[in-house]
There are 2 protein chains.
Amino acid sequence: MPSTPAPQPSPPAPDRPPGRRLPGGPVLQDSVTAAIAAAFFEELAAAGYARLSLEAVAKRAGAGKAAIYRRWTSKLEMTVDLVSAVAVDASGTADTGTLRGDVLAFLSEVADALCRPLPARIIPDLIAEGGRNPELAAALFSTVRDTRRAKAAELLERAVDRGELPADLDRGIALDLLVGPLYWRLAVVHTPTAPDHLDRLTDKLIAAFRA
Amino acid sequence: MPSTPAPQPSPPAPDRPPGRRLPGGPVLQDSVTAAIAAAFFEELAAAGYARLSLEAVAKRAGAGKAAIYRRWTSKLEMTVDLVSAVAVDASGTADTGTLRGDVLAFLSEVADALCRPLPARIIPDLIAEGGRNPELAAALFSTVRDTRRAKAAELLERAVDRGELPADLDRGIALDLLVGPLYWRLAVVHTPTAPDHLDRLTDKLIAAFRA
DNA sequence: CCCAGTCGAGACGCAACCGTTCCGACTCGT
DNA sequence: ACGAGTCGGAACGGTTGCGTCTCGACTGGG
């Protein structure tokens, strides 16, 4: 009596790499898990965490809901697991040898992320969600924020060691200056941005650091 | 047959100021509308726009859903109306006569807003929601963002006129520098903040403006 | 070669909201 | 004094998502 008279022969995950799967651990080996992860991020960008429906994730992934519940116990655990996985491997703060080069590289990395459509929607959404979901905030802070903030702090410390910045540099304010203005422009007010914007911003930031 | 055997005598809006009510226009005169508006912001802070339920707003306001639908046609219209109303009257950029005084006053105003619990949750949420709701974004941009950005631009222009900043100041970057670092710290990474933070930040910002 | 485990798919009961509509109580302007 | 309009409250049918459970199909390791 179901409405689908001809349930097609169930296209069987064509090639399955030998990836193991862990309940709760970061997993993205087999094709089903990869499809679920991709669908998760697309749905997260489209609907936001608050409205994210695992039903929609499963449908978009071409998977059953059971395939999701077999891997994660809740939306929160799934989010922390998947977001942390992609956030940690996307941390490549190059050491260019000069403060200006490091700052420019750092800003380019941030700008690149915030210009891609999925992160541009997901990041502000998770930040907002963290304000009302302490468990999510704590998990993402320790896996994402602290990691990236430490990377940026290293950048500053290298400049201090080189003598490019004063030893009594206010690290806290400098970190805010590094990310804040660019995040504000790209993710909050969405102002159009000139090609040499990062260059000009870099000059201003270095002047602020040295003040 | 209703479950409430004694529908209490319906406490009748004790004093009703002669406020008019407009469908779609900014309204907050009579006590029912004020109660709905207050409940709306509390629910918005607690649940976020995406999960905001008008049923919950009505219940929290001690009102019927019909009282809401009689005033606004949709959640979006209600949000734009109420948020714009409180956002425009909260724009008091004082003219202190010096760049440093103006910047400090501006930062204090931002910090004050972002430290109160309701705006601290609502603002990031609406920003994230704007990323996936173009209609909401367009409305809030024109009523809130542009207004406040113009106020900040006046602050900078006064400093240029006074000769405190160069005439070729990059206004766009300066506006990002004004708000970005403080927003980043207070609303995104939630770093603890020293009492003299705004003073120190002001010095850095002015140095950046002049670079 | 077979059996345990996963696969996609979907039905299940349950809960929350939606937007509308009706109700009886009350208030205000005239 | 009366009618128009709003009040809080609750019901309506409809939709969506939850988390669980059951199918038959498929597959890989022993």
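**Close-up views of a predicted two-chain helical model**

**View 1. A:Ser84 in helix α4 of chain A.** A:Ser84 sits in helix α4, residues 75–89 of chain A. This is a predicted model, and that goes for each view below. Is A:Ser84 buried or partly exposed? It counts as partly exposed, because it has 17 C-beta neighbours inside 10 Å and burial takes 20 or more. For a sense of the fold around it, look across to A:Leu140: A:Ser84 and A:Leu140 are 56 residues apart in sequence, yet their C-alpha atoms are 7.0 Å apart in space.

**View 2. Chain A as a whole.** Here we step back for context. Chain A has 9 helices and 0 strands, so a walk along the sequence reads α-α-α-α-α-α-α-α-α. Of the 211 residues in chain A, 34% are buried. Take the contacts in chain A between residues at least 6 apart in sequence: 61% of them join residues at least 24 apart.

**View 3. Helix α8 of chain A, with its bend.** Helix α8 of chain A covers residues 171–189. Its 19 residues, at 1.5 Å a residue, should span 27 Å, and the end C-alpha atoms are 26 Å apart, which agrees. Where does α8(A) bend? The bend is at A:Tyr183, by about 35°.

View 4. Phi of A:His190 is near 55°, a positive value in a residue other than glycine. With 16 C-beta neighbours inside 10 Å, A:His190 counts as partly exposed. Over in chain B, B:His190 is in the loop between α8 (171–189) and α9 (197–210). Phi of B:His190 is near 55° and positive, again in a residue other than glycine. B:His190 counts as partly exposed, with 16 C-beta neighbours inside 10 Å.

**View 5. Where chain A meets chain B.** In this view, 35 residues of chain A are in contact with 35 residues of chain B. On the chain A side, α6 (117–130), α8 and α9 (197–210) each supply at least two residues. Which helix of chain A gives the most to that side? That would be α8(A), with 12 residues. By type, the side of chain A that touches chain B divides into 19 nonpolar, 5 polar and 11 charged residues.

**View 6. How the two copies are related.** Chain A can be laid on chain B by a turn of 180° and a shift of 0.0 Å along the axis, with an RMSD of 0.1 Å. That is the relation of a two-fold axis. Both copies use the same surface: 100% of the contact residues of chain A recur in chain B.

**View 7. The largest nonpolar core.** The largest nonpolar core has 96 residues. Which residues have the most contacts inside it? They are A:Leu205, B:Leu178 and B:Leu205. Zoom in on A:Leu205: leaving out residues up to four places away in sequence, it touches A:Val103, A:Leu177, A:Leu178 and, from the other chain, B:Ala208.

**View 8. Helix α6 of chain B and its cover.** The 14 residues of α6(B), residues 117–130, should span 20 Å at 1.5 Å a residue; the end C-alpha atoms are 20 Å apart, which agrees. This helix is mostly covered, with 10 of its 14 residues buried. Among the buried ones are B:Arg121, B:Asp125 and B:Glu129, along with B:Ile122, B:Ile123 and B:Leu126. What covers the buried residues of α6(B)? The cover includes α6 and α8 of chain A, together with α1 (31–47), α4, α7 (134–162) and α8 of chain B.

**View 9. B:Thr96 in a loop of chain B.** B:Thr96 lies in the loop between α4 (75–89) and α5 (99–115) of chain B. It is partly exposed, with 15 other C-beta atoms within 10 Å. Not counting residues up to four places away in sequence, B:Thr96 touches B:Gly101, B:Asp102 and B:Ala105. B:Leu155 is 59 residues from B:Thr96 in sequence, with the two C-alpha atoms 9.8 Å apart in space.

Note on methods:
Residues are numbered from 1 along each chain as its sequence is written. Chains are lettered from A and ligands numbered from 1 in the order in which they are written. This is a predicted model: local features need pLDDT of at least 70, side-chain atom pairs count only at pLDDT 80 or more; totals for chains, interfaces and linings use all residues. Helices (H or I, at least four residues) and strands (E, at least two) are DSSP runs, numbered from the N terminus. The expected span of a helix is 1.5 Å times one less than its number of residues. The bend at a residue is the angle between axes fitted to the seven residues ending there and the seven starting there. Two residues are in contact if their C-beta atoms, placed from the backbone, lie within 7 Å. Ala, Val, Leu, Ile, Met, Phe, Trp, Tyr, Cys and Pro count as nonpolar, Asp, Glu, Lys and Arg as charged, and the others, Gly among them, as polar. Copies are superposed by least squares on the C-alpha atoms of residues with pLDDT of at least 70 in both. A nonpolar core is a set of buried Ala, Val, Leu, Ile, Met, Phe, Trp, Tyr and Cys residues joined through C-beta atoms within 7 Å. A residue is buried if 20 or more other C-beta atoms lie within 10 Å of its own, exposed if 12 or fewer, and partly exposed in between; C-beta atoms are placed from the backbone.
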